[in-house]
Amino acid sequence: MFSKACKYGIKAMIYLALHSAEGSYCSLTDISANIDSPLAFTSKVLQQLAKNKLIVSLKGVNGGFRIETKKLSKINLLHIVKIIDGESLLYDCGLGLKMCSDTKPCPIHKQYSLIREEIRKMLENTSLIDFSANKKKQVLILLR
């Protein structure tokens, strides 16, 4: 459903949400290790998130990445998905057909539309602030 980049992006944002409330920056190495993602791949994903102003990037010895505390309640998972994967998850046909719609549905259109709408609601209604509680539990989940 989500691309590998998007999965890493969501995991990285959850990790940063857990640590950004403290106001500290997380290094690329720490993020990569704690979300079990290759370093170079993590770097590209984080650059994309920084370019779109979801995270702050600071170069230097004490640098790294963080999310501004005030943004934790404003950024939802849908923001991340749209930046990394685009909106295809929300609109494309479940079978990958080019001409699928309510007027010309594919065999799974009706059921898939309902599922797709539930996924959209979940992504839209889940903000990063939701992950700042239960810190230890969330970090452990990211390392499974």
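A residue is called buried under 20% relative accessible area, exposed over 50%, and partly exposed in between (1.4 Å probe, protein chains only). The model on view is predicted: local features need pLDDT of at least 70, side-chain atom pairs count only at pLDDT 80 or more, and totals for chains, interfaces and linings use all residues. Residues are numbered from 1 along each chain as its sequence is written, and side-chain values use heavy atoms, with hydrogens and water left out.

Begin by selecting S127. Its relative accessible area is 12%, so S127 is buried. This serine is placed in the loop between helix 6 and helix 7 (135-142); helices here are DSSP runs of H or I with at least four residues, numbered from the N terminus.

M122 counts as partly exposed because its relative accessibility is 41%. Select L78 as well: the C-alpha atoms of M122 and L78 are separated by 8.5 Å, although the two residues are 44 apart along the chain.

The following stop is L97, in the loop between helix 5 (88-91) and helix 6 (109-125). With 45% relative accessibility, L97 is therefore classed as partly exposed.

Finally, select residues 4-20, which form helix 1. Of its 17 residues, 14 are buried, so that helix 1 is mostly covered. The end C-alpha atoms of helix 1 are 24 Å apart, which agrees with the 24 Å that its 17 residues should span at 1.5 Å a residue; the expected span is 1.5 Å times one less than the number of residues.

How values were computed
Helices (H or I, at least four residues) and strands (E, at least two) are DSSP runs, numbered from the N terminus.
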